[in-house]
Amino acid sequence: MPLRMRQTTGDSSASELSFGMSDIISSSSSCPSPTEIDPNMYTFPDRIREEERMTTIRSLIPDEIKAASLKQQLQALQSEYNALSRDISQKRYSLTHIGVLPPEVMGEMFVYAVGSDELAALSLSQVCLAWRIIIQSTPRAWSTITIRFTRVKALKLAEHYFKQSRACPLHVAIIEPPPTWRTGVPEHEIWPVADLVKANWNRIKIFRMYKIGGGVAQTFLESCFPLEVPQLESPDSSQSSLALSPPPKPTSRSLTRSPVRHIALHLFPNHNPGQATDFGDFRLMPSLFGDPREVSTFTLENGLPCYDMNLFNWGTLRSIQIEEPHMFSYSTPIDRVLDILAANPMLHAFVLAGNRSNRVRATEVRRMTEGIVNLPALRVLSLQSVDIPFLLDSISCPILEKLKLGNELGARWDGSVASSLRNLIKRSNYPSITRLRINEIATPSPISTNDWACFEMMPNLQSFRCHHTDFPDDLLTQFTLPSSSALPPGDLSMGKLLCPALSKLVFENCNLSGAALVSLAKARSECTQDHVALQELWTWQCPNIRSIDEELLQDILGDRYTPTLQKEDV
C-alpha cells in the first residue's frame, strides 16, 4: 500500500509524494545524517506548532497570577470569616448563664465534673476554645491520672496529663495490663511508664495499682525503686532468722521524700494461669516507695510486704491492710507485726490476713519485756490466718468498734481465742464493740457456753456474723432471756438481756438449731424497753435449719429474714 506524506516548504505549499514499499527498503541502506534532515521538512497533522505552544504558555502566566491572587483573597476571607464566627460564638456564649461565670468558678466546676472519670478533662478540653483555655489553666482537673496498659498510646496520654497537672499533687492509678502479658512481662513496655512515674514521684499523693498481676506489679515497682539489700536464701524461705534481729530505724539515705499519703496495691491472685501462684514479693525492698514520712494508709492485697519498710516506721500510718497469699512455706513474722503496731500508735484500722505465725521464743521474750502495745485510736481490727490469741494478748484497744477474727489454719475458739478476746476486752476497759465477725474458727465438742462469755462484755453489739463456726443454742437463749452467768460484780451488772442493741445476725454453715433461732426471732421481732428489734437475719447452708423453720422465720420477720446470703455478704 503506498504511503503518502506531506512535504512542507517555506511558503507553506505542499505536494504529495507517492512511492512504494520497495523504494523504502531499497533506500534504507542510505539514510540521511541528522545534519541533513530539515526539521520543518516533515510534520504530523496533530502536532502543535512551536509558535502556538509559546503563545499558550505566555497566556497562562497572567491566569496563574490572577488565580494566586484570588487564592490569597480567599484565604484572607476565610480567616476573617473564622475570626468573625469565633467572635459571634463568644458573644452568644457570654449571653448564656454559664458564660457569665468567672473563669475561676468555671475551673472549680471542671474539677468537680472530672471526678473519677479517666478522660473527662480531655473531653472537656475539646468542647470549645473557651473551655480549653480554662481547663488547661486548671491543673487540678488533670491531677487524677489513670494509666491503662490496654489503652492505645497510654504513655503519650499519661505524659499529657502529667504535663497539664504542672506542680499539682497527683492521684496515680496503674490498672489493667493486656491479656498478652499473662505469658510474660514485657519489661520494655513497663520501663517507660515506670520512668514517668518515678520522675513525678515527688508530686504523687495517692498511688494505687488495680487489676495487676503480682509479677507485673513487682517488675513495675522494681523499676521505680531498685533493690538495695542482700538477697534472701530463697523467696519462699521462712524469716525466722530475721525475727531475732531488731527492726531497722528510719534513715535519710532513701529516695527523695514524697508527699504520698495513700498507697494501695490490689493485685490479682491468679493473673498468670501458667504459674502456680502470681503474687507480689516485696520482702527485699525496704526502700519501696522511697521515704514517705507522711503516708497515712497502706493496702497490699495478694502480696508479701517487707515488714521492715521505711513507711512502717515513721508513726504516721492511720490504716494498714495486708492480705498475704496462702503459702505453707512462709511464716508471717508476728514480732515484726507487733513492732509495726507499736510504731504507729494512732492507727484507726488494722487488717492482717497472713500465714502461720513465726512464734519463736524471742517473740515471747519481747512481749514479757516490752509489755502491752497500746492502740488508743484503733477502731477496726481484723485478724485472719495468724496467731490470733497471741496478738489479742499483746494489745490494748480502748475505743475498738469493729472486730473480725478468722483463721483457716485450725485455730480453736475455746480456751485460746475466746479467753484472749475476753482478756482484751477487760484490758481495754470494755470498749464499745458494735460489730463482731467470727469466720472459720473451730469450736470444741461439746460446746461450752463459758467460752462465749465475751458477749456479756459487749452490751453495745449491733451486728454479729458467724461463718463456718459452731454456735451453741444456749447462747441464742441468752439473747432471748436475761443472762444468768456469774460474772464478777465489777465487770457487768447481772440480770440484763444479752446484747440488747443487737439488730443484725448472720449465720453461715453453723450448727445451730432452727427452733432456737425461731425463739430468738419471736422474742426480738419488736422493739421494747429492754432491747431493739431485730432488723436483719440471714442464714445460709445451716444443716439444722429445716424448711418449716424458714417458713416460721419468714412469717415472724417478713422481709427482715433472708434465707440466702448475697454475694457481697459471704
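In this predicted model, helix 13 and helix 14 meet through two sets of residues: D473, L476, F479 and T480 on the side of helix 13, and A516, L517, S519, L520 and A523 on the side of helix 14. Sorted by class, the residues of this contact comprise six nonpolar, two polar and one charged. Helix 13 spans residues 473–480 and helix 14 spans residues 514–523, and the two pack at an angle of about 10 degrees with their axes 9 Å apart. Since angles under 35 degrees count as roughly parallel, helix 13 and helix 14 are therefore roughly parallel to each other.

Helix 14 also packs against helix 15, which covers residues 547–557, and here the angle is about 5 degrees, with the axes 10 Å apart. This angle makes helix 14 roughly parallel to helix 15 as well. On the helix 14 side the contact is made by G514, A515, L517, V518, A521 and K522, while helix 15 contributes D549, L552, L553, I556 and L557. The residues of this second contact divide into eight nonpolar, one polar and two charged.

Elsewhere in the chain, the structure holds one cavity of 30 Å³ or more, and the largest cavity has a volume of about 70 Å³. Its lining is formed by E118, L119, T144, I145, T146, I147, R148, R151, A154, L157, A158 and Y161. Two elements, strand 3 (144–148) and helix 6 (154–164), each give two or more residues to this lining, and the largest share, five residues, comes from strand 3. By class, the lining of the largest cavity is made up of seven nonpolar, two polar and three charged residues.

Charged side chains can be followed through the model in another way. Side chains of opposite charge can pair when their charged atoms come close. A search of the whole structure finds 10 salt bridges, and one of them joins the side chains of R336 and D308, with a distance of 2.9 Å from N to O. R336 belongs to helix 9 (residues 334–343), whereas D308 sits in the loop between strand 9 (303–304) and strand 10 (319–323), so this pair ties together parts of the chain that are 28 residues apart in sequence.

Technical notes: Residues are numbered from 1 along each chain as its sequence is written. This is a predicted model: local features need pLDDT of at least 70, side-chain atom pairs count only at pLDDT 80 or more; totals for chains, interfaces and linings use all residues. Side-chain values use heavy atoms; hydrogens and water are left out. Axes are lines fitted to C-alpha atoms, for helices over the stretch in contact, and angles run from 0 to 180 degrees between N-to-C directions. Helices (H or I, at least four residues) and strands (E, at least two) are DSSP runs, numbered from the N terminus. Angles under 35 degrees count as roughly parallel, over 145 as roughly antiparallel, 65 to 115 as roughly perpendicular and the rest as oblique. Contact means heavy atoms within 4.5 Å. Ala, Val, Leu, Ile, Met, Phe, Trp, Tyr, Cys and Pro count as nonpolar, Asp, Glu, Lys and Arg as charged, and the others, Gly among them, as polar. On a 1 Å grid over the protein atoms alone, a cavity is a set of points where a 1.4 Å probe fits but cannot get out, and a pocket is an open set with protein on both sides within 12 Å along at least five of seven lines; lining residues have an atom within 4 Å of a point. Grid points are joined across faces, edges and corners, and a volume is the space filled by probe spheres set on the points. A salt bridge is a side-chain nitrogen of Lys or Arg within 4 Å of a carboxyl oxygen of Asp or Glu.
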